[in-house]
Amino acid sequence: MRLSRYFMPILKENPKEAEIVSHRLMLRAGMIRQQSQGIYSWLPLGKRVLDKVNKIIREEQDRSGAIELSMPTLQSAELWQESGRYEDYGKEMLRIKDRQDRAMLYGPTNEEMITDIFRSSVRSYKSLPLNLYHIQLKFRDEIRPRFGTMRSREFLMKDAYSFDLTKEDAIHSYNKMFAAYLRTFDRLGLRAIPMRADTGPIGGNHSHEFIILAETGESEVFSHEDFVHFDIPGEDTDFDDVAGLQAIFDKWTSVYAATSEMHDEAAFGAIPETDRLSARGIEVGHIFYFGTKYSEPMGAKVQGPDGKEHLVHMGSYGIGPTRLVPAIIEASHDENGIIWPASVAPFDVVVINMKPGDEVCDRLCESLYAGLGKAGKDVLYDDTDERAGTKFATADLIGVPVQVIVGPRSAANGEVEVKDRKTGERQVMTSGAALNRIA
Ligand code: ATP
Ligand code: MG
Ligand code: MG
Ligand code: MG
């Protein structure tokens, strides 16, 4: 991508409305724009990051055996009347009337709809286990939308829903998501801690929130230090191995971790003082086992091996991609801007032409741009006429992991400077060496 032809509306000044660093940086880097309170457009740079986050989420859902579909954002109120949640959900639900005066709503979550899809076509236990997910916009009319896309009214959620014949099978499905979440957050460059959680309006009795620690987090959390050192389940994790997945769950829930709602002061006090972690956190994912809470009122049953009808046991599993993007920034930035983990960086490398119009610089930049692109890298080429200082500031602000700086003096010797955004380390090398190093 040539910056001169791209759309990346950088802000020079700090936007006043932004209270936390991620919101400030997302606005300054031209990643998002607020359209009305708590409702955002994702501009091209932001969209690139969001797509990469979604891709990782998808890969790990698929690896665990979940299957993607797509459900609509608008739902009929009837389904929610069946489950009994239409009244319960209260003011967070955006209720809409269509032209025939039918009650509709903008979905805040999809338990009812997926249960309806399930009951309309699944008849036998032989079709189980089944886990269906989508990545779709949700709407919750939050009392206090704030911090940009961290707590917005319209937001993206990956929501998965599992169906099993028995509670034991459902716990295995739960453990699959538990392991998939650990892998997902790790690949996003985050250390998420699973914490026993309150189930809120989703209901149920077995639930964990995945929390990343950050000063600006809205939840107060208490945990054992040890989490920082636990191993993440590998790529070779066997998701059909019931005992193996239970062992992962047991390990990750063996030491204390709870949000303030579930906090047990005595249990926390029993941890040696130096191992106690009392901090603030951001909820980035939440998983629930809720048994027959929806299958019962909505009549979702299958025939079991005994020939009888059984209500299915269900769970639901949410991750917030549009919250994860600012959460990653909260965890990874410095005074100059964002520092993207390589896995979600909007571009892998930025080639900075210090003197566009200079024949040698242009030639070297063009060949690097083409060569890196051919090697499969996402390359941003800063071919603009901005001052050097502005170019450096922009590259640092948008947080691309590697910068290749091409100035007239070194270019004359076929040399460029390669800068690591995270460490700030700079190295001069030939453009061929730079290409080899980065590609
Ligand atoms: P919170 O406690 O922050 O209000 P929640 O517990 O209501 O979140 P869940 O129903 O558990 O949210 O939804 C699953 C995931 O969706 C959350 O873990 C979070 O990542 C994301 N999410 C929920 N509400 C929002 C929001 N208003 N803006 C952005 N992401 C959200
Ligand atoms: Mg909420
Ligand atoms: Mg919550
Ligand atoms: Mg939650």
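Predicted model: local features only at pLDDT ≥ 70, side-chain atom pairs only at ≥ 80, totals over all residues.

Residues are numbered from 1 along each chain as its sequence is written, and chains are lettered from A and ligands numbered from 1 in the order in which they are written.

I looked up the secondary structure and found 14 helices and 23 strands in the protein chain (DSSP runs numbered from the N terminus, H or I of at least four residues for helices and E of at least two for strands).

I then checked burial, and 42% of the 439 residues count as buried, that is, with 20 or more other C-beta atoms, placed from the backbone, within 10 Å of their own.

For the extent, I read that the C-alpha trace spans about 80 × 60 × 40 Å along its principal axes.

Next I turned to helix α11 (residues 359-374) and helix α14 (residues 431-438), whose axes come within 10 Å and cross at roughly 20 degrees; the axes are lines fitted to C-alpha atoms over the stretch in contact, with angles from 0 to 180 degrees between N-to-C directions. The angle makes α11 roughly parallel to α14, a word used for angles under 35 degrees.

I listed the residues that meet: Leu364, Ser367, Leu368, Gly371 and Leu372 in α11, with Ser431, Ala434, Leu435 and Ile438 in α14, where contact requires C-beta atoms, placed from the backbone, within 7 Å.

Notes: Buried ≥ 20, exposed ≤ 12 C-beta atoms within 10 Å, placed from the backbone. Parallel < 35°, antiparallel > 145°, perpendicular 65-115°, else oblique. Contact = placed C-beta atoms within 7 Å.
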